[in-house]
Amino acid sequence: MRGPIACLFLAAALWAQPAPVPAEVKTRLAALLPKGGDAARFYSSDLYRYMDGGADIYLKYGLVALAHREYKRAGVDMTVDVFDMGGPLQAFGIYSAERSPEYHFIDIGTEGYSSESTLNFLQGRYYVRLSAFGDGASPALDSFARAISRSIGGDRSLPALLDMLPRENRVARSEKYVVGAPAGHDFLSPALTASYQFDGQATTLVISLAEDAGEAERRVEQLRQYYSQSGGEAIFFARGRLAVLCLHAPAGAAAFLDKVKP
């Protein structure tokens, strides 16, 4: 017979067990992986078992499951990770969190980038990361990535929500979908962000996506309170369900910000 303390520890252990990846999700993800290699492994809320220290951000963006497989072919060691993020916006979010405008971009999937030993791309609800080592690693990465992209299929457009960000003077590939403290403010989550250049001046635009107009007004009031205490150069306002924050606004900011549309 277990005592109350033992039962408490047992309940905590059971509660901490990660939920298994559903069979239908495993089947769908496994179909995207190239044939051969080691047995596929799957992770969801237990992603920390595979990505110790790097799992939290994937879970914040809504990870459904990860399919992981390793390959050895013709002197090349390859690792393939296919993250099902649940939707295109969430997949873009984690992809954009790891990308930089300075990377070498390639025409695979919706958008991708590569180095000598890595290749990452976005497509639909999936974020795909590949790494390879050995002679012939670069062409192997390209071949595997294109095969996975064909298996995913479907629309290769970026999320339509990004159209809220004005295109004029926007730094290419600086757009992000942020779920953790945009511009340092938790209350602005989630938000779209992008960098702009106006006559050599760097400008940051944050479009906070509130549930409704009332919530957008409350977020703007929090910004008002923050800047009344801290000072700083910023323009902020509500427009529909959007709370808009512009840091280091350019000359003629009104015309620029007028292009933000709900």
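Two strands are taken to pair if DSSP finds at least two bridges between them, and the helices (H or I, at least four residues) and strands (E, at least two) are DSSP runs numbered from the N terminus. The model is predicted, so that local features need pLDDT of at least 70 and side-chain atom pairs count only at pLDDT 80 or more, whereas totals for chains, interfaces and linings use all residues. Residues are numbered from 1 along each chain as its sequence is written, and side-chain values use heavy atoms, with hydrogens and water left out.

**View A. Strand β7 and its pairing with β3 and β6.** Strand β7 (residues 126-133) pairs in the antiparallel sense with strand β3 (residues 76-84) over eight bridges, and Asp77 stands opposite Phe133 in β7. Strand β6 (residues 118-123) also pairs with β7 in the antiparallel sense, here over six bridges, with Thr118 opposite Ser131 in β7.

**View B. The hairpin of β6 and β7.** Two residues lie between the strands of this hairpin, in which Gly124 takes a positive phi near 60 degrees.

**View C. The open sheet of five strands.** The strands follow the order β8-β9-β10-β12-β11, and their pairing is antiparallel. Because β8 (176-178) and β11 (234-239) stand at the edges, each with a single partner strand, one side of each is left without a neighbour in the sheet. From one strand to the next the twist averages 20 degrees, where axes are lines fitted to C-alpha atoms, for helices over the stretch in contact, and angles run from 0 to 180 degrees between N-to-C directions.

**View D. The pairing of β8 with β9, and helix α6 on the sheet.** Strand β8 and strand β9 (residues 191-198) pair in the antiparallel sense over three bridges, and Val178 stands opposite Ala191 in β9. Helix α6 (residues 213-230) packs on the sheet, touching β10 (201-209), β11 and β12 (242-247), contact meaning heavy atoms within 4.5 Å; the direction of α6 makes about 160 degrees with that of β11.
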